[in-house]
Amino acid sequence: MPWKGEQEDGRKGLRQDRSISSEGNLECQEGDPPGASYSGRRNVTASGRTCQVWAASQPHQHNFTEVGEHNHCRNPNGDSEGVWCFTTDPDKEWEYCSVPICGPTMLKVLDFSADNDHQTDSNGEYTMATLDVGTLPESFTICSSIMVNAWTTTTKSAYMFLLADAEGNQWGFIDLYASHTFTEYEVWLGPVRFQKKTEAIVFPLQWVRACLSLDSTARKVTLVVDGQVLGEEEYRREEDQTRPANLSLSLGYNPVARLEYPVKIANINVFNSGTSVERMVGLTTAGGDKCGSSGDIVSWEEAEWTLHSQVKVIE
């Protein structure tokens, strides 16, 4: 029997079978590879299919029967994407499970998921959060973490953050678009605009961490997502004619399309320099000692965000 996954996507070189620890986190996936010690009871896949009992050989035969007499999501072969299971659907051998990756302790999370009707409330407000940043230096780095409870038929993308001027005109953002086969990130920062696609799939209940750096001296804009460098483009200050003197941060809402995003956002930190790629990798790697580090311009734990309409603070 081939290793799990080879028939459908041809990936090779999966790690040797490994024993399953009897201890582990019940709510999220820890470690590298993620989920190696996961001992929770999630037993449905990301698409909603029921997991097959590991000890069973029907409807799918496999080499992981020793995992046990249960159908909970596990990662017995050290898959780099995390926990998975064989399914009870004869036409679908296996799928990943939507179990969030454990991140650094997040003392504060902004939850925008209570409202996504894309309409104003009785006070004329959309569900969003705003923060006046003031004057940003010529070079800076902004980092953000985002998670969605469930993608819908109308919502498969979300801004990780929006930088705007005093009139609300967009100057910079990262827009995440989730597909069932890929994820695409659109970056807009002044005159720099680019899109980068990755085969890493963003599942619901999974934190995504990104840093966007503007280094005016090196004349470049760099995007790093979950420890991977996705893009680097040239920045020409002389072409940035619309860069505002003062900027504000906006979360959970797209003012151009008038879309409310049903997401959770945490760890918005802004740093007073164009951060090195090495540091951005550390800032966006789950479980790393630098992940979620406080910014010196905007610190997530200290910043006082203005909350509009139905935003909730989870602490």
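Is Leu249 buried or exposed, and what is its relative accessible area?

Modeller: This is a predicted model, in which local features need pLDDT of at least 70 and side-chain atom pairs count only at pLDDT 80 or more, while totals for chains, interfaces and linings use all residues. Residues are numbered from 1 along each chain as its sequence is written, and side-chain values use heavy atoms, with hydrogens and water left out.

Leu249 has a relative accessible area of 1%, so it counts as buried (buried is under 20% relative accessible area, exposed over 50%, partly exposed in between, with a 1.4 Å probe and protein chains only). Leu249 belongs to strand 13, residues 247-251. Strands (E, at least two residues) and helices (H or I, at least four) are DSSP runs, numbered from the N terminus.

Leaving aside neighbours within four places in sequence, Leu249 is in contact with residues including Ala129, Leu131, Ile142, Phe161, Val270 and Trp305; contact means heavy atoms within 4.5 Å. Phe161 is 88 residues away from Leu249 along the chain, yet their C-alpha atoms are separated by 6.9 Å.

Both residues belong to the largest nonpolar core, which has 53 residues; Phe161, Tyr185, Leu249 and Leu251 touch the most other members. Such a core is a set of buried Ala, Val, Leu, Ile, Met, Phe, Trp, Tyr and Cys residues joined through side-chain atoms within 4.5 Å. Strand 6 (residues 157-164) gives the most to this core, with 6 residues. A second, separate core has 15 residues, among them Tyr38 and Phe203. In soluble globular proteins, nonpolar side chains tend to be buried together.

Leu251 has its own contacts beyond four places in sequence, including Met128, Ala129, Phe161, Ile268, Trp300 and Trp305. Of these, Trp300 has the charged end of Lys108 over its ring, 4.6 Å from the centre. A charge sits over a ring if NZ of Lys or CZ of Arg is within 6 Å of the ring centre and within 35 degrees of the ring normal.

Tyr126 lies in the loop between strand 3 (109-111) and strand 4 (128-134) and Tyr253 in strand 14 (residues 253-254), so the pair ties together parts 127 residues apart in sequence. Both tyrosines, Tyr126 and Tyr253, are buried.
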